[in-house]
Amino acid sequence: MSEILVIDDEQDIRELIGDILKDEGHNTRLARNSQTAFEEINAAEPDLIILDIWLKDSEFDGIDILKKTKRDNPNIPVVIISGHGNIEIAVAAVKQGAYDFIEKPFNIDQLLVVVSRALEASELRRENKSLRNPEHEVSEMVGESPAFKALKFQLDKISKTNARLLLTGPAGSGKEIAARYVHANSLRANGPFVSVNSATIGPEQMETVLFGSENGGNVQPGLLEKAHGGVLFFDEVADMPFETQSRILRVLVEQSFTRVGGHDTVRVDIRVISATTRDLLKEIDAKKFRIELFHRLNVVPVSVPSLADRIEDIPLLSSHFVSVLNKLQGLALRDISPEAIQQLQATPWPGNIRQLRNTLERLLILGPETGPILASELPVAGFSAETDAAGAKISPDMMTRSLREARLAFEIDYLTAQIERFKGNISQTAKFVGMERSALHRKLKTLGIAGQLAQD
């Protein structure tokens with residue numbers, strides 16, 4: 001169901017158009033001059049505007065409204081209504097961005113055809129823009145681990161609301177992916193997703209970037225305006241300048257602001273999602289973050305798990321990234337050998353999902369064009385060791401032991417590490433090390449480390 005704004009100074013005409021469109025299943029809103037028109041656009045971005053060129057008792061005429069609308073909301077199609085003597089002006093309006101014009105007195109069938117085509121063209125532009133976006137795949141979440149399922153369950157419940165969301169978790173764990181997933185599955189999915197990394201913008205530039213600026217007649221919209229009708233994502237929100245935080249707090253309360261150097265009130269409808277790798281309560285204690293802003297942002301807190309907490313997802317994530325890199329960059333579409341998967345799961349990933357993707361991208365760029373990715377191509381999980389002449393890594397302590405003692409020590413260290421990685425879950429550990437569950441249980445009892453197991 002589309003939202004259509006009809007702007008005409010003649011009450012009979014705007015109500016007639018509104019009634020016709022309602023009968024076709026559209027929601028309609030009516031405005032008689034530029035002031036009420038801008039109020040309606042700021043309140044909620046319409047899918048289409050039907051606009052009369054001449055407006056009595058209006059500060060701006062239809063051409064001025066068209067220019068401002070296409071400047072601030074370029075995705076809204078505008079259909080011009082033109083009297084018989086204004087055809088040349090209507091044609092000029094099309095050149096300035098109007099979708100089409102309808103001549104008065106209009107034919108109902110003609111009106112409906114133009115409206116239908118304008119809405120279809122607008123939807124097609126949005127779809128094409130999404131497909132061309134190299135980051136369009138980031139709203140797809142991949143995984144089957146318990147930690148992943150718990151996260152996705154939370155995000156699915158939050159998506160259908162308009163609540164503010166604060167995502168916490170280590171760097172590279174996928175906080176922006178989670179934010180984009182919420183946006184893509186929300187009622188604002190057709191609106192913009194605007195991301196701002198607070199850590200990359202200097203304090204002296206932050207307010208201009210967010211609020212935009214006015215210098216005479218030159219208006220530069222900021223990110224808040226660009227996010228109207230959609231989501232504004234504050235990445236690394238803890239790095240936002242302290243002075244800017246108070247202005248953002250006011251925007252969250254009033255959903256309006258003034259541009260830097262300007263006086264006019266700009267009204268926006270945005271949902272704010274924030275993310276941070278830091279403990280904001282500690283930042284508050286250090287007088288670096290405003291407690292009032294924290295409470296406004298932290299309506300729904302969600303913790304995004306590290307890759308270490310979802311080791312079971314590495315096979316799915318790896319295959320997903322190889323497929324995505326093939327589609328976006330034309331890199332080789334290679335399978336991943338079972339041995340390589342085991343090594344990927346055994347490798348520590350301090351950079352989390354981002355580091356895993358970057359590693360696979362590097363392998364696809366530098367590796368062969370065909371054949372599976374082999375374990376020998378992957379970085380080896382590092383540990384303290386010396387290397388003998390044959391290239392085998394042997395710790396100095398191992399060199400003082402007999403073969404039986406060294407093998408026993410290795411089994412204890414290896415299985416202890418695997419148990420810790422899988423949080424004491426014997427079923428997952430057995431599957432990874434390639435043993436039957438009962439056999440592994442007996443081995444652990446023999447080695448004296450069965451006490452570390454969790455109930456599963």
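Visitor: Is Thr-208 buried, exposed or partly exposed?
Guide: The model is a predicted one. Thr-208 lies in helix H8, residues 203-211. Buried requires under 20% relative accessible area and exposed over 50%. The relative accessibility of Thr-208 is 36%, so Thr-208 counts as partly exposed.

Visitor: What is the C-alpha to C-alpha distance between Thr-208 and Leu-223?
Guide: Beyond four places in sequence, Thr-208 touches Ser-213, Gly-222 and Val-260. Leu-223 is 15 residues from Thr-208 in sequence, and the C-alpha to C-alpha distance is 9.0 Å.

Visitor: Is Gly-262 buried or exposed?
Guide: Gly-262 lies in the loop between strand E11 (256-258) and strand E12 (265-267). Ser-213 is 49 residues away from Gly-262 in sequence, with 6.7 Å between the C-alpha atoms. The relative accessible area of Gly-262 is 14%, and the limit for buried is under 20%, so Gly-262 is buried.

Visitor: Which side chain of opposite charge is nearest to Lys-175, and how far away is it?
Guide: Lys-175 is in helix H7, residues 175-184. Lys-175 is buried and has no salt bridge. A salt bridge needs a nitrogen-to-oxygen distance within 4 Å. The nearest side chain of opposite charge is Glu-236, at 5.0 Å.

Visitor: Which backbone oxygen does the side chain of Lys-175 reach?
Guide: Leaving out neighbours within four places in sequence, the contacts of Lys-175 include Phe-233, Ala-275 and Val-304. The backbone oxygen that the Lys-175 side chain reaches, at 3.0 Å, is that of Pro-170.

Visitor: Which residue of E10 stands opposite Phe-193?
Guide: E7 pairs with strand E10 (residues 231-235) in the parallel sense, over five bridges. Opposite Phe-193, the residue in E10 is Val-231.

Visitor: How far apart are the closest N and O atoms of Asp-313 and Arg-310?
Guide: The structure holds 13 salt bridges, and Asp-313 forms one with Arg-310. Both Asp-313 and Arg-310 are buried. Their closest N and O atoms are 2.9 Å apart.

Visitor: Is Arg-334 buried or exposed?
Guide: The side chains of Arg-334 and Glu-377 meet in a salt bridge at 2.8 Å, N to O. This pair links distant parts of the chain, 43 residues apart. Glu-377 is partly exposed, with a relative accessible area of 23%. Arg-334 has a relative accessibility of 3% and therefore counts as buried.

Terms used: Residues are numbered from 1 along each chain as its sequence is written. This is a predicted model: local features need pLDDT of at least 70, side-chain atom pairs count only at pLDDT 80 or more; totals for chains, interfaces and linings use all residues. Side-chain values use heavy atoms; hydrogens and water are left out. Helices (H or I, at least four residues) and strands (E, at least two) are DSSP runs, numbered from the N terminus. Buried means under 20% relative accessible area, exposed over 50%, partly exposed in between (1.4 Å probe, protein chains only). Contact means heavy atoms within 4.5 Å. Lys and Arg count as positive and Asp and Glu as negative; His and the chain ends are not counted. A polar contact is a pair of N or O atoms within 3.5 Å; within protein, one must be able to donate a hydrogen and the other to accept it, and residues adjacent in sequence count only if both atoms are side-chain atoms. Two strands pair if DSSP finds at least two bridges between them.
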